[in-house]
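I opened this entry to record what I looked up and in what order.

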Amino acid sequence: MTYEVQLQALKKDADTWETTSSTLLTAENSAWGLTLGESELSWAAATVGLTDSYNSAQNKVAMLLADGSTQTGNISQTLLQVKHNYEVNEHSAEQQYRGAWEPVG
């Protein structure tokens, strides 16, 4: 695999993780909107603890989606940073060794 192909692969992977992060964020926002109360469930829902259980489950799912979005976003940023570091190091090495292997004469 050539250097350029490796850089493209890092960018493609970073984009995939960023898309995943965005999708999870959208799902999180949707999860927060899925509220159910006594009027949607039944008059007995609050009495037996169903509304509390539902709210707890909704909160847990939304928080997990938020964390997933954050973590996959972090993976994307890390891959982009690795790509950037490779590019900077490559450029630095090119400058340092410019002309070292060129034919003389």
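**Salt bridges**

I began with Glu 87 and Lys 83, which sit four residues apart in helix H4 (residues 50-97) and are therefore separated by about one helical turn. Helices here are DSSP runs (H or I, at least four residues), numbered from the N terminus. An α-helix has 3.6 residues a turn, so residues three or four places apart point the same way. The side chains of Glu 87 and Lys 83 meet in a salt bridge, at 2.8 Å from N to O. I use the term for a side-chain nitrogen of Lys or Arg within 4 Å of a carboxyl oxygen of Asp or Glu.

I noted the basis of the entry. This is a predicted model, in which local features need pLDDT of at least 70 and side-chain atom pairs count only at pLDDT 80 or more, while totals for chains, interfaces and linings use all residues. Residues are numbered from 1 along each chain as its sequence is written, and side-chain values use heavy atoms, with hydrogens and water left out.

How many salt bridges does a search of the whole structure find? I got two. The other pair is Lys 11 and Asp 15, whose side chains meet at 2.7 Å, N to O. Lys 11 and Asp 15 are four residues apart in helix H1 (residues 3-33), which means about one helical turn between them.

**Exposure of the paired residues**

I then looked up relative accessible area (buried is under 20%, exposed over 50%, partly exposed in between; 1.4 Å probe, protein chains only). Lys 11 is partly exposed at 36%, and Asp 15 is partly exposed at 34%. Glu 87 is partly exposed at 31%, whereas Lys 83 counts as buried at 17%.

What does Lys 83 touch, not counting residues up to four places away in sequence? I found Leu 7, Leu 10 and Lys 11; contact means heavy atoms within 4.5 Å.

**Helix H1**

I listed the buried residues of H1: Leu 7, Leu 10, Ala 14, Ser 21, Glu 28 and Ala 31. What covers them includes H4. I also checked the span of H1, where 31 residues at 1.5 Å a residue should give 45 Å, and the end C-alpha atoms are 46 Å apart, which agrees. The expected span is 1.5 Å times one less than the number of residues.

**Around helix H3**

I moved to Thr 51, which is found in helix H4 and counts as buried at 11%. Not counting residues up to four places away in sequence, Thr 51 touches Gly 37, Glu 38, Leu 41, Ala 45 and Ala 46. Ala 46 lies in helix H3 and is partly exposed at 39%.

I found Val 48 in a nonpolar surface patch with Leu 36, Leu 41 and Leu 50, together about 320 Å² of accessible area.

**Confidence**

The protein chain averages 92, and 95% of the residues score at least 70. Where pLDDT is low, the predicted coordinates should not be read in detail.

For the patch, I noted the rules: residues with over 30% relative accessible area and no salt bridge, with like charges joined within 9 Å and nonpolar side chains (Val, Leu, Ile, Met, Phe, Trp, Tyr) within 5 Å. Accessible areas come from the Shrake-Rupley method with a 1.4 Å probe, and for residues only the protein chains shown count as cover.

Technical notes: Helix = DSSP H or I, 4+ residues; strand = E, 2+ residues; numbered from the N terminus. pLDDT = per-residue confidence, 0-100.
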